[in-house]
Amino acid sequence: MDVKILVATHKEYWLPNEDVYLPIHVGCTGQAKFGFVGDNTGDNIAEKNANYCELTGLYWAWRNLDCEYLGLCHYRRYFGHKNYFDGTEKLKQKIFQRADYEKLLEENEIILPYQRRYYIETVRSQYEHAHSARDLEQIEDIIAKHHPDYLRSFRAVMNRRKLHLWNMFVMKKNMLDSYCSWLFDILFRYEKWMDEHNLSEQKWRLFGFISERLLDVWLFGKNLKKAEVDVVMLEKINWFKKGSDFLRRKFFGRS
């Protein structure tokens, strides 16, 4: 089975010794090279990395790779078996190998991380507390004008309390072609709108955050057979800080 899992990284870091993974140096223009293919080769949008994050790697893979299945993960986050943070070396052993992906893809059309649940927020309100309501309002307008078949999906996902995060997935390359054509058309239109309204200075990492929400919009109603799996985090998460930041934004606004 021809499977490639892109590993987006911006620095030297440990990587699994498994041929299914293809590391890509995102945001590499003008940076020291460390042996991985760069997102500034071939057809690319590498100059947008500060705003698009791992999406410059996804765009590169979409436009330049020829394979049957294509996925995306991160240098600190991988699909894997159920785990607890019991030391980095043990966690590394939980990361999926080629056989794990092949087994899942024989029976499923897409692999996704388990959804995060927002118990006291909707997807829309969580985003608005962390970022800006204007973003989703304009994205909704773009979808209504240019992709009206997805307007119901957008509104349904925004009103839910669960979401697939991190732009992580594995799917057939021809399916990904369809997704990326749709996704980048929306993001490029929003970027153009921001530039026309002199809002460029507010774009830092914005498109990476928006795309996390749009993946579920694109998936909504497609009835694909999904495998939802755990994500192995190679670095500890400060859940107390994340929870405190979330509550502060919800009740006191963005700081």
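Let's start with Arg-213, which is found in helix α9; helices here are DSSP runs of H or I with at least four residues, strands are runs of E with at least two, and both are numbered from the N terminus. At 4% relative accessibility, Arg-213 counts as buried, where buried means under 20% relative accessible area, exposed means over 50%, and partly exposed lies in between (1.4 Å probe, protein chains only). This is a predicted model, in which local features need pLDDT of at least 70 and side-chain atom pairs count only at pLDDT 80 or more, while totals for chains, interfaces and linings use all residues. Residues are numbered from 1 along each chain as its sequence is written, and side-chain values use heavy atoms, with hydrogens and water left out.

The side chain of Arg-213 reaches the backbone oxygen of Phe-209 at 3.1 Å and makes a polar contact with the side chain of Glu-212 at 3.3 Å. A polar contact is a pair of N or O atoms within 3.5 Å; within protein, one must be able to donate a hydrogen and the other to accept it, and residues adjacent in sequence count only if both atoms are side-chain atoms. If neighbours within four places in sequence are set aside, Arg-213 is in contact (heavy atoms within 4.5 Å) with Tyr-118, Val-123, Gln-126, Tyr-127, Val-157, Met-158 and Leu-163.

## The nonpolar core

Which residues touch the most other members of the largest nonpolar core? They are Tyr-21, Phe-169, Phe-184 and Leu-214, in a core of 81 residues. Helix α8 (residues 173-196) supplies the largest share of this core, with 12 residues. A nonpolar core is a set of buried Ala, Val, Leu, Ile, Met, Phe, Trp, Tyr and Cys residues joined through side-chain atoms within 4.5 Å.

Take Leu-214 as an example: not counting residues up to four places away in sequence, Leu-214 touches Ile-139, Ile-143, Phe-154, Tyr-179, Trp-182, Leu-183, Ile-186 and Leu-187.

A search of the whole structure finds 16 salt bridges, each being a side-chain nitrogen of Lys or Arg within 4 Å of a carboxyl oxygen of Asp or Glu. One of them joins the side chains of Glu-191 and Lys-48, at 2.9 Å from N to O. This pair links distant parts of the chain, with Glu-191 in helix α8 and Lys-48 in the loop between β3 (37-38) and α1 (49-52), 143 residues apart. Both Glu-191 and Lys-48 are buried.

Glu-191 also forms a salt bridge with Lys-203, whose closest N and O atoms are 3.2 Å apart. The relative accessibility of Glu-191 is 8%, and Lys-203 is buried with a relative accessible area of 7%. Salt bridges that share partners join Lys-48, Glu-191, Asp-195 and Lys-203 into one network.

Asp-177 and Lys-173 are separated by about one helical turn because they are four residues apart in helix α8. Asp-177 counts as partly exposed at 26% relative accessibility, whereas Lys-173 counts as buried at 9%.

## Aromatic pairs

The structure holds 18 aromatic pairs. The rings of Tyr-59 and Phe-184 have their centres 5.1 Å apart and their planes at 90°, so this pair is edge-to-face. Tyr-59 lies in helix α2 (residues 55-64) and Phe-184 in helix α8, 125 residues apart, and both residues are buried. Rings of Phe, Tyr and Trp (its six-membered ring) pair if their centres lie within 6.5 Å; planes under 30 degrees apart count as stacked, over 60 as edge-to-face and the rest as tilted.

One aromatic cluster is formed by Tyr-52, Tyr-59, Trp-62, Phe-184, Phe-188, Tyr-190, Trp-193 and Phe-207.

## Cysteines

How many disulfides does a search of the whole structure find? The search finds zero, a disulfide being a pair of cysteine sulfur atoms within 2.5 Å. For Cys-67, the nearest cysteine sulfur is that of Cys-180, 11 Å away. Cys-67 counts as buried at 9% relative accessibility.

The sulfur of Cys-73 is 13 Å from the closest cysteine sulfur, in Cys-67, which is too far for a bond. Cys-73 counts as buried at 0% relative accessibility.
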